Amino acid sequence: MIEIKDITKSFDDRTVLHGVSAVFETGKTNLIIGQSGSGKTVLMKSLVGLVRPEEGEILFDGRDLLKMTADETKNLRKEIGMLFQGSALFDSETVLGNVMFPLIMFTGMSKDEMLERAHFCISRVNLTGAENKYPSEISGGMQKRVAIARAIALNPKYLFCDEPNSGLDPKTSILIDELLHDITHEYNITTVINTHDMNSVLGIGENIVFINKGYREWVGNMNQIYNTANEALNHFVFATELFQQVRRYVVANGRYDNDTHR
Amino acid sequence: MLITNSLATFGRYCLFIRKVFALPDRWGVSGRRTVDEVMKLGVASIPLVLVISIFIGAVIAIQMQLNIASPLIPAYSVGLATRDIVLLEFSNSILCLILAGKVGSNIASEIGTMRVTEQIDALEIMGVNSANYLVLPKIIAFVFFMPVLVILCMGTSLLGGFLVAVFTDIITVTRYVYGLQALFTEWYVWYALIKSLVFAYIIASVASFYGYYVKGGALDVGKASTDGVVSSSILILLFDVLLTKLLLQ
C-alpha cells in the first residue's frame, strides 16, 4: 500500500499540488485522473521520486520515501516498476535485451535463469516471437507491452504507469488496461495509473483519485463515479455525449455491468 | 549575469562529474559498454581521421614549400616544418576540434534523445546511476582510444606530405624524408599525446553534460548538441594555450 499525506509542490511561485492526500491500495488498479495541467503528472513523479515535494509524506508500506537515505531509496527502487507514457524502451536493445536489463543490473541470476525469466515476462504480455526485434520495429501497443514486461521482470511490489493508453487506438488501449488489471491481481501489486482515458476510468478504476487544479477533489471507484455530485469530476468524466448516455443508462438501471463495457 | 550563469553551469558540471565518476553498479556491464563505446566513438572515427590527415598533410607540405622557398633556407625544411606542424598542433588540437564536431554531437544527441524520450528517467527509477552508466564508458573509451587516433593522424599526415613529394616536383623524396628526421624532438610526440588526452576528456564530458540536461524535445536536443560542440571547442582552444605554455616552456 502507498499512502501520501499532505503533498505540496511548487515550481517557482506556482503551487502545483496543494496538500494532496490519498491511499493507493495493494492488489488494486489505482487511478489518478484529472485534466491536463491539474498536477497529476507532478504527483506521479513525486511518487516515484523524480520530483521532491516541499511538504508531506509518501509512505511505501510505512516507509517514507522523503526521509530515506540514498541506499534506502536505491533499494526501494528495486521494488518499483514503471511504465512511461512513451514506453522509454532502450533503442539500442532488442525486446529481449530491454526485458533482461533490470535482471542483469539487479540480480545475481545466471544467464539461463535471466533468459528464462525474460521469456516468461515476454510471453505474459503475449509478445512471444518478438524477442529479437528492436523497439523501432514494433508498434506503439507492442512497445507498451514490452515496457510492462520490463516493469514486471523483477516482480515489483509497486507498479506506476504514466498515461499507458496515450497514442494507442481504443482496442489496443483496452488490451493494455486489461493486461495491467490482470497483472495487478495476479501478482498482488500496488498499481498506480495516471490517466485521462475515460475507458480506463470506467473499465479498471478500482480506486480513483481525482485531482483538480492541484487539489484532491474526489476519491472513489468506477461504480461510485456515476453518482458523484462533484461538478468538476462530472464535467471531466462525462464530457462527451457517449459517456453521458452511459451514465444515464447506469443511473436508470441502478447498476453497471463492467464486463459488458470491457 | 554572464558570469553568474557560467558559474552556475560550472557548478552543475562538477555535480554531474561527481555522479559520473561514482563506482559502477555492475563492473562487467560497464566494461562491456566501454568496449562498445571504443568501437562506436573511436574505431568509427578512424576513416574520418585518415581522410582528413592525408589531405591536410599534403596541403601543409605544399604550403610550406610555397612559403619558405628561398635560397637561404635548406630544402629539407619543408619536411621538418610539416612534421613539427603536424606533431605540435594538427594531430592533437585541430584533430580534436574536428572530432568535437563528430563525436561531441554524436554523444550529446544520443544522451539528449534518451533524456527527452524518458529513457534516462527509466534508468533512474530502476535505481541505476544513469550518469555513471551512460557517460563513464564514453569518457573512458574516448580518452583511452584518442592516442591511437593521434598516432594514426601523425603517420597519415606525414604520408600525405610524402605523396606530394612522390607525385609532384615541389620537393624531392630524399629531402622530404631527410627533413622529417632532422632535429627531431621526441617530447613533441608526448606533448601531442598529453594534450589529446585532455581534449578527449573535454569532448566526451562536456557533450555528455549538455545532452544529459536537455529539457524539451527534438529542437532542444539539436540545440544541446550544438552547445556541446561549441563549448568543448572553446575549452579545447583555451586548454591548448594553457598546456602549450605549461609543456613547452
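## Helices H4 and H9 of chain B

In this predicted model, helix H4 (residues 77–116) of chain B packs against helix H9 (residues 218–248) of chain B at an angle of about 145°. Their axes are 8 Å apart. Axes are lines fitted to C-alpha atoms, for helices over the stretch in contact, and angles run from 0 to 180 degrees between N-to-C directions. Helices are DSSP runs (H or I, at least four residues), numbered from the N terminus. The crossing of H4(B) and H9(B) is right-handed.

Which residues of H4(B) and H9(B) make the contact? H4(B) gives, among them, Ser93(B), Gly104(B) and Val116(B). H9(B) gives residues including Val221(B), Gly228(B) and Asp240(B). Residues are in contact if their C-beta atoms, placed from the backbone, lie within 7 Å.

## Helices H3 and H4 of chain A

The axes of helix H3 (residues 95–106) and helix H4 (residues 111–124) of chain A come within 9 Å. They cross at roughly 125°.

## Where the chains touch

The contact takes 13 residues from chain B and 14 residues from chain A. On the chain B side, the largest share, six residues, comes from helix H5 (residues 119–126) of chain B.

## Reading the model

Residues are numbered from 1 along each chain as its sequence is written, and chains are lettered from A in the order in which they are written. Local features need pLDDT of at least 70, side-chain atom pairs count only at pLDDT 80 or more, and totals for chains, interfaces and linings use all residues.

Key: Two residues are in contact if their C-beta atoms, placed from the backbone, lie within 7 Å. Helices (H or I, at least four residues) and strands (E, at least two) are DSSP runs, numbered from the N terminus. A crossing is left-handed if the near helix is turned anticlockwise from the far one by less than a right angle, and right-handed if clockwise.
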